[in-house]
Structure formats: C-alpha cells, structure tokens
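Work through the exercises below with the sequence and the 3D structure in view. Each task is followed by a solution in steps.

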Amino acid sequence: MPIHVSWDDTEKTTLLYTIDGRWAWNDLYDALDLGRDLMDSVSHERIDFIVDMTDCKLLPDNALSNFARMASKPHPKSGRMVMAGATTFVRALLNVMGRYH
C-alpha cells in the first residue's frame, strides 16, 4: 500500500499518513477509512494529522475535485493538519481549497 497510516504518538492524539511514491485516489480513500477507524477507537475529542509527502512528488489526476470531496466530509474529531515535504503545487492547491471550504 503506497499510503501508510499509523499513530504518531503513544497517547494516540496524532495520526501519521506517509505517502510513498505513486498512488491512486482509491489508495488515499482506503487510508482515510483506516484513519477514521483509528479515530473512532479512541475517546479523544480531537485528533491531529501529519501528512508526510517527502517521497511523493506527483498527484493523480483530478486533484481539485478529490480534495474538495475530502474537505466536505471531515471526521468530527479532525484537528489540525501539518504537511511535510509537499511540493509547491500541492501547497498552493491546498491553500486555494482552504479559501473556499
């Protein structure tokens, strides 16, 4: 699986998504489902995220519509997201998304 999901801390307050190389939107949706299951397994009110894109330089097609789809259905416990290693294009795309959602 090109997208790995795990707890980043022993307190289980931060999820780490590591994206390795090429991936497809179905890979991301599967990873998000796993992340939701992990979030549901703890009693914390807020879970933060780290998305490590250090080894990911390309996005699959239809990035804008897929990011919009994800942004429209946040988990109730969703906290802040920090992205590491994102390309300039990905950062710009997410900044634009943030203005409209």
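## Exercise 1: Overall form

Task: compare the radius of gyration of the protein with that of a compact globule.

Solution. The radius is taken over C-alpha atoms, and the globule rule is 2.2 Å times the number of residues to the power 0.38. For 101 residues a compact globule would have a radius of gyration near 13 Å; the protein has 13 Å, which agrees. The C-alpha atoms fill a box of roughly 35 × 30 × 20 Å along the principal axes.

Two notes apply throughout. This is a predicted model, in which local features need pLDDT of at least 70 and side-chain atom pairs count only at pLDDT 80 or more, while totals for chains, interfaces and linings use all residues. Residues are numbered from 1 along each chain as its sequence is written, and side-chain values use heavy atoms, with hydrogens and water left out.

## Exercise 2: Order of elements

Task: state how many helices and strands the protein has, and give their pattern along the sequence.

Solution. Helices (H or I, at least four residues) and strands (E, at least two) are DSSP runs, numbered from the N terminus. There are three helices and four strands. Their order along the sequence is β-β-α-β-α-β-α.

Next, take contacts, meaning heavy atoms within 4.5 Å. Among those between residues at least 6 apart in sequence, 77% join residues at least 24 apart.

## Exercise 3: The setting of N66

Task: find where N66 lies, and decide whether N66 is buried or exposed.

Solution. Buried means under 20% relative accessible area, exposed over 50%, and partly exposed in between (1.4 Å probe, protein chains only). N66 is in helix α2, residues 63-71. Its relative accessible area is 11%, so N66 is buried.

Now list the partners. Leaving aside neighbours within four places in sequence, N66 is in contact with W25, Y29 and D61. With Y29 there is a polar contact between the two side chains, at 2.7 Å. Such a contact is a pair of N or O atoms within 3.5 Å; within protein, one must be able to donate a hydrogen and the other to accept it, and residues adjacent in sequence count only if both atoms are side-chain atoms.

## Exercise 4: Positive phi

Task: describe the places and exposure of K12 and N62.

Solution. Most residues other than glycine have a negative phi. K12 has a positive phi of about 60 degrees. K12 sits in the loop between β1 (3-7) and β2 (14-20) and is partly exposed, at 37%. Phi of N62 is near 65 degrees, also positive. N62 lies in the loop between β3 (47-55) and α2; its relative accessibility is 56%, so N62 counts as exposed.
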